[in-house]
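Have the viewer open as you read.

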Amino acid sequence: MGGRSRRQRRARGTASVAEALLWLGPALVLIVGIVLYPAITLVATSFGTYSITGLRKGDAGISNYTNFLTSPDLPRVIGNTGVWVGAVVVLTVLIGLALAQFLSKEFVGRRFVRWAVIVPWASALVISSQLFKLIYDYYHGVLNQLLLSLHIIQKPIDWLGDNHFTMASMIAVGVFVSVPFTAYLLVAGLNAIPADVYEAARIDGGSPWQIYRRITLPLLRPAILIGVVLNLIYVFNSFPVIWILNGSNPGFGNDTLITYMYKLAFRSAQHDVGLSAAAGVFNVLIILIAVGVYLRLVNWREGKEA
Amino acid sequence: MKKSVRWGAIVAAAAITSMTLASCGASGGSTTAKSGDVKSIKVVIAEYSKDHTKTFWDAFSKTYEKQTGVKLNLQIINWNDLDQQSSTMIQTGNVPDILNENAYASYAADGLLYSADEVLPAATKADIIPAFVKSGTYNGKFYGMPDLSSARALFYNTDLFSAAGISKAPTTWDEFTADAKKVTAIGNGAVGYAQPLGPEEAQAEFAIWLFNNGGDFKKNGKWTINSKQNVATLQYLKDLSVKDKVTQNNPGGTNRTDGAFSLFEQGKAGMVVGFSPLQGALDTQYTGVKYAIAPMPTGDNAAPQTYGVTDYLMSFKKKGNQDAVKAFYKLYYSPSQINTWIKAEGFLPVTTSGLAKFKDDPKLKVYLDTLPNIHLTPTDDPEWDKIKLTIQQNIGLAVAPNGDPKKFLDDLQAQAEAGK
């Protein structure tokens, strides 16, 4: 159907180049200004030598890249990034699936619950992160007070300062702020599944678990796919949560590639925008590869099953 | 369709990632005229406090514009973002005319700044306290004009001290440790000493202690970061938390403003190294805390040293802005301006006339007496700008239970020497 209408429009005469540009203009300006120009600047910066003041001193060749790739903190930072992205995305999708099932059922007060779920999504990441910083506080945090008064722990835990807990505490916040979007995406996916498929399954005597595995999950696949890809990108690029919760910790022990990139530019002894730009280019490549690999993996499996 | 999803996703990934990066790089344009004298100057000021900074600088701008006919484009930036923004301005060529920062030597080394000979009236220069002229001088020229200063001293909670049976402030490190133990022994959440060695301002905490142990970062033009005294100092600071257990939890991960100061403001900390803005907060907001101020205890039985900090108002060489910049300094250093500003923010003067003006203020007396002999960090060496960042980022690791103070300082010394 789409094909036919397109053919009809073409038959009525093509737009001139000028006319086309007029329509495309605003979008092109946006793309060039917001995507292309910064990307080109980023790459250009990554090949320059910069003073601590930000002044360009000359060409660096590829030395920013070699310095970045050989920096001793990098393996740790990459490991942190893997744990952070992996854990947040997997937990977010799993919790999102459960929550979406719940939200798509009819029950009293559903409207209220749906609104409540939106709140963490609607509030700015910086605000949520500051809030959790207070909740996790060693001396005055609600979490420690609660666990102490329930006698679950004997002395307070340094959720953000003790290296055993820092990453886990940050992941919990990452999941908290990512779940609403994912849940709503999946609710939409669930609503798109026709009711008669379920009816047929029930008539054939399928158990609820069978129905969920054989019907709901496969039909939800496109929604899950989009949820995972978008979360991969958002979580990888998530700056405020880690920046704020990890803000008073020394060193790079809990940094991800994104916060590490920022510290390279403005907070570390290197204080080098060129080096940081090289890190930025590296980050873009990493996320592109991650998304590409994931989609290939999913397609490959789907192809085999079909 | 699958293919389009994949490409859509990849494009989205690229777009979002580059937008994240772009947000680090964007900044406004400057509209300085290129021919003849400038019609406007861009002045970037650090936000010392929400209440007073904007009030003062708005009024200042009005006076300046009336006097000179040059428009003053004021931009006040939070300390946390200042470094990133100023660096971005220079990177993208939107250089300000005047920049308020806590470092200047790297800018001078890059040849970006006017020296005092070019923009500071001689009478004004003569009024600035010599210690600050010295710290603002790079390669024999005075580039870093001080805007205000602060000095640190030991604050102690007199209620906690009397509860612990201590009658006077400690004067030696042994007494300090003993007193901190006594305060900690009170229990009920009392902390002997609130020690901020987190990334915010750790170089200040370290400097205060090492100056009072006969140490320094640089002596006679040579880096002395891993000197015997400095290693002993950092070991002592580590022992306070790891061995003696008289500090708050995790000092290496505690920042000054939202960590150590807030413990003291809540009456939980026996001692903290503070400065006049903390005093201001205690006198107006946290009036329940009874406190007193004393000179720092010393580790080497020498006279106490006062650690001081000054920030800078540096000016950038741009075509046609020299007169406008000169007029800016002339107005800023006039007693009615600078003293109003310093008094409002609760800091200390940088001029001899300011010293005279504030000398009768009983609250400032403890600092003012030592101000002319104040001990500063080597801000006149561009390499210090990087050393400072390393200390801020990493000293917390050196004082952790598995940290190695000596190795940390050895590495730092190597970094400083390699920078030359």
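**Where the chains meet**

Let's start with the contact (heavy atoms within 4.5 Å): 50 residues of chain B and 47 residues of chain A take part in it. Keep in mind that this is a predicted model, where local features need pLDDT of at least 70 and side-chain atom pairs count only at pLDDT 80 or more, while totals for chains, interfaces and linings use all residues. Residues are numbered from 1 along each chain as its sequence is written, chains are lettered from A in the order in which they are written, and side-chain values use heavy atoms, with hydrogens and water left out.

Together, chain B and chain A bury about 4,100 Å², with 64% of that on carbon and sulfur atoms; buried area is the accessible area (1.4 Å probe) that two parts lose on being put together, summed over both.

On the polar side, there are 13 residue pairs in polar contact between chain B and chain A, both residues at pLDDT 80 or more. A polar contact is a pair of N or O atoms within 3.5 Å; within protein, one must be able to donate a hydrogen and the other to accept it, and residues adjacent in sequence count only if both atoms are side-chain atoms. You'll also find one salt bridge between the chains, meaning a side-chain nitrogen of Lys or Arg within 4 Å of a carboxyl oxygen of Asp or Glu. B:D110 pairs with A:K57 in a salt bridge, their closest N and O atoms sitting 2.9 Å apart.

As for the side of chain B that touches chain A, α1(B) gives the most, with 16 residues.

Note on methods: Helix = DSSP H or I, 4+ residues; strand = E, 2+ residues; numbered from the N terminus.
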